[in-house]
Amino acid sequence: MENANANLTDPNMDFDASQLASVKEIFKSYNKLTELCFMDCATDFTIGDLKSEEVRCAENCTSKFLKASERMTQRFQEYQLIMNEHVITAQQNANA
């Protein structure tokens, strides 16, 4: 098992650090989504199947979570673009 763990940090692996960070972030988001929607939607533990209300709740929860995540990503990208423009302008003014 020790060798398998060593391979995860091996710099010769196909994943670089940024890719690994992206995968970790995806799993963190998935785990958060699962936790939130389960806590909100799973209400009846007396039967093995989900009730139709629980299924509908989980679908709505998932949809809202993904839409909110997409919206936040778009806003962050817009912010980054604006900040990059400010840096470029500042550098141009400093060089002038």
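The chain exposes about 8600 Å², and carbon and sulfur atoms supply 58% of that area (accessible areas come from the Shrake-Rupley method with a 1.4 Å probe, and for residues only the protein chains shown count as cover). Welcome to a predicted model, in which local features need pLDDT of at least 70 and side-chain atom pairs count only at pLDDT 80 or more, while totals for chains, interfaces and linings use all residues. Residues are numbered from 1 along each chain as its sequence is written, and side-chain values use heavy atoms, with hydrogens and water left out.

**Overall layout**

- The chain has three helices and zero strands, where helices (H or I, at least four residues) and strands (E, at least two) are DSSP runs numbered from the N terminus.
- Reading from the N terminus, the elements follow the order α-α-α.
- Of the 96 residues in the chain, 8% count as buried; buried means under 20% relative accessible area, exposed means over 50%, and partly exposed lies in between (1.4 Å probe, protein chains only).

**The nonpolar core**

- Leu33, Cys37, Cys41, Cys61 and Phe65 are the five residues of the largest nonpolar core, a core being a set of buried Ala, Val, Leu, Ile, Met, Phe, Trp, Tyr and Cys residues joined through side-chain atoms within 4.5 Å.
- H2 and H3 are the elements that give two or more residues to this core.
- The largest share, three residues, comes from H2.

**The largest pocket**

- The largest pocket holds about 160 Å³ of space. On a 1 Å grid over the protein atoms alone, a pocket is an open set of points with protein on both sides within 12 Å along at least five of seven lines, and lining residues have an atom within 4 Å of a point.
- For the volume, grid points are joined across faces, edges and corners, and the space counted is that filled by probe spheres set on the points.
- Its lining is made up of Ser29, Tyr30, Leu33, Phe65, Leu66, Ser69 and Met72.
- Both H2 and H3 give two or more residues to this lining, and H3 gives the most, with four residues.

**Salt bridges**

- There are three salt bridges, each defined as a side-chain nitrogen of Lys or Arg within 4 Å of a carboxyl oxygen of Asp or Glu.
- Lys28 pairs with Glu25, and their closest N and O atoms are 3.9 Å apart. These two residues are three apart in helix H2 (residues 17-41), so about one helical turn separates them. Lys28 is exposed, with a relative accessible area of 53%, whereas Glu25 is partly exposed at 43%.
- Lys51 pairs with Asp44, with the closest N and O atoms 3.1 Å apart. Here Lys51 is partly exposed, with a relative accessible area of 34%, while Asp44 is buried at 17%.
- Glu78 pairs with Arg75, and the closest N and O atoms are 2.5 Å apart. Being three residues apart in helix H3 (residues 52-95), Glu78 and Arg75 also have about one helical turn between them. Glu78 is partly exposed, with a relative accessible area of 39%, and Arg75 is partly exposed at 38%.

How values were computed: On a 1 Å grid over the protein atoms alone, a cavity is a set of points where a 1.4 Å probe fits but cannot get out, and a pocket is an open set with protein on both sides within 12 Å along at least five of seven lines; lining residues have an atom within 4 Å of a point.
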